[in-house]
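Here is a brief report on one protein model.

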Amino acid sequence: MNRKIKYTLLVFITLVSVFGTSCKKWLDLKPQDGLIRDEYWQTKEQLDAAVMGCYASLLGGSTTPLAKYLFIWGELRADMVVPGLEISSDDDESKLSGLLRDEFDIMRTQIASTNTLVNWEAVYKTINYCNTVIKFAPEVLNKDKTLTQTALNSYLAEAHALRGLMYFYLLRSFGEVPLKLEPTYNDSQIGAIAKNSQQEVYQQVIKDLLFGSENGQVTYGSMAEDRGRMTKFSAYTALADAYLWNEEYQKSIDACNKVIESGKYRLLPNGTQQTDYYNTVYLNGNSVEGIFEFQFDNQKLNPFAPMFGITGREFRAADWIAEGGLFGTDLANLNNKDIRGNGTSMFEANSAICKFTNFRTAATSFTHWFVYRYSDVLLMKAEALTWLAPGNSANGSQAIELVGRIRAARNAQTFVADKFIEIPDPALTANVSQYVFEERAREFAFEGKRWYDILRNAKRNNYANEKLLIDIVSASAQPSKQQTVINKYRDHRSHYFPIYSYELQTNNALVQNPFYQ
């Protein structure tokens, strides 16, 4: 692995000592007064280390690592993940405590502001590292004459793009959040700050990602760095995602095309064997299919062993997935299978999620967290084409062709959940949209995308497809609570998390999200 990626943990430890002394205020991020301004921002090497610290912060979290939050926020309210423990009665529920209780409450739509898993601290810590780089990096240009304006802009592009990505997660998870764009580097910088509207947060996401895409590096010289840092094309990928969320379809297509036309990414060839696919894309990471990944390694393990491991695992695949309802089967030849299914995403025999833990032990659990892969770009473009001009068969045909590329590369099955998957009529927009949506479930199983995919498709055109969300959450609900869950999710304000109670206590400018007031 490349030097810069290898040393992120060391850089992180160094920067925590510079930026991270605790303070009992809402962001909990106060660095030591004066150290940053007077002693740190002198050379391009220090600037480089500060940028590396932004990425290192992605691997941590005060109590719960950021990658675990992103899995929980993107999966637990959807339909593909269930508790690792068998919960069949109120007596079983009474045995839950702490983190397991918080996880279970999210899955059962019993989310309160005291739930520790709606704590956004880990995201804002990364934002604060990015803010610090954006604020102080320009000073290095005057102090180190070997630093060029172009090089400075590329460092700033990384910080902007990463900050934009972090705010995009907050936008989709909480709706309205505070926009903190100045670094917290002394007591005077920490104070009450109110929430911004969803539109204001969205505009900042776009602004940051545009800066990243316009000024970012094309390559850092190695596959590992290109997948572990924000390049021009990873910024374009996040930008395409944000435009898709906001129903700006032509802009999303244009951003996807920038990535596609770069020629830097591709699907593994048709006919790739399952073991080769799993090892290349997931076990080893940094593949030709990867675009942006959290770079865990043997110096910084990921949180996935206890989450998905056989002993004491927290989560498992829902029964309908383990029983063939997602990836399907070839009844005539059981060896002919979707290479994303049994043995890659989960094990059918025990419903264990294995995408991040297969061939790993607790001591070697450093599979990456996959934020974006090339297939995401193809499927985002397909979705945007579908809705660019509803009813346009030419666009529908292009969308179907993009999905077909992925299905061919993954040996996707045509018989799934007791029915044959048929290629839809390209002029029937709703059918093409469902075709894309279902393929995303197979392609990104357990990668923290399912809830966002459901919500994006449901809220399109002022919640014209609300039924999609209601059907999914009601099917996952306990029978005795199904109607309660349906009534709750018909209130669109419930689709976002509450603000964590600690934040309300320490920031008196914050107001709880409306559904939870």
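## A buried tyrosine pair

Tyr277 and Tyr282 are both buried. This is a predicted model. The two tyrosines pair through their rings, and the geometry is edge-to-face. Their ring centres lie 5.9 Å apart, with 85 degrees between the planes. The angle counts as edge-to-face because it is over 60 degrees. Across the whole structure, a search finds 29 aromatic pairs.

## An aromatic cluster and charges over rings

One aromatic cluster brings together Tyr69, Trp73, Trp120, Tyr124, Tyr167, Phe174 and Phe497.

The charged end of Lys449 sits over the ring of Phe444, at 5.5 Å from the ring centre.

## Cysteines without disulfides

How many disulfides does the structure hold? The count is zero. For Cys54, the nearest cysteine sulfur belongs to Cys130, 4.1 Å away. Cys54 is in no disulfide, because a disulfide needs sulfur atoms within 2.5 Å.

Is Cys54 buried or exposed? Its relative accessibility is 2%, so Cys54 counts as buried. Cys256 is buried too, with a relative accessible area of 1%. Both values fall under the 20% cut-off for buried residues.

## The largest pocket

The largest pocket holds about 450 Å³ of space. Its lining numbers 20 residues. Nearest the pocket centre lie Val82, Arg108, Ala318, Asp319 and Ser476.

Which elements each supply at least two residues of this lining? They are strand E1 (81–83), helix H16 (319–325) and helix H21 (466–476). H21 gives the largest share, with four residues. By class, the lining residues divide into 12 nonpolar, six charged and two polar.

## Gln398 on helix H18

Gln398 belongs to helix H18, which spans residues 393–409. Its relative accessibility is 38%, so Gln398 counts as partly exposed. That class lies between the cut-offs of 20% for buried and 50% for exposed.

How far apart are Gln398 and Thr386, in sequence and in space? The separation is 12 residues along the sequence. From C-alpha to C-alpha, Gln398 and Thr386 are 8.5 Å apart.

Conventions:
Residues are numbered from 1 along each chain as its sequence is written. This is a predicted model: local features need pLDDT of at least 70, side-chain atom pairs count only at pLDDT 80 or more; totals for chains, interfaces and linings use all residues. Side-chain values use heavy atoms; hydrogens and water are left out. Rings of Phe, Tyr and Trp (its six-membered ring) pair if their centres lie within 6.5 Å; planes under 30 degrees apart count as stacked, over 60 as edge-to-face and the rest as tilted. Buried means under 20% relative accessible area, exposed over 50%, partly exposed in between (1.4 Å probe, protein chains only). A charge sits over a ring if NZ of Lys or CZ of Arg is within 6 Å of the ring centre and within 35 degrees of the ring normal. On a 1 Å grid over the protein atoms alone, a cavity is a set of points where a 1.4 Å probe fits but cannot get out, and a pocket is an open set with protein on both sides within 12 Å along at least five of seven lines; lining residues have an atom within 4 Å of a point. Grid points are joined across faces, edges and corners, and a volume is the space filled by probe spheres set on the points. Ala, Val, Leu, Ile, Met, Phe, Trp, Tyr, Cys and Pro count as nonpolar, Asp, Glu, Lys and Arg as charged, and the others, Gly among them, as polar.
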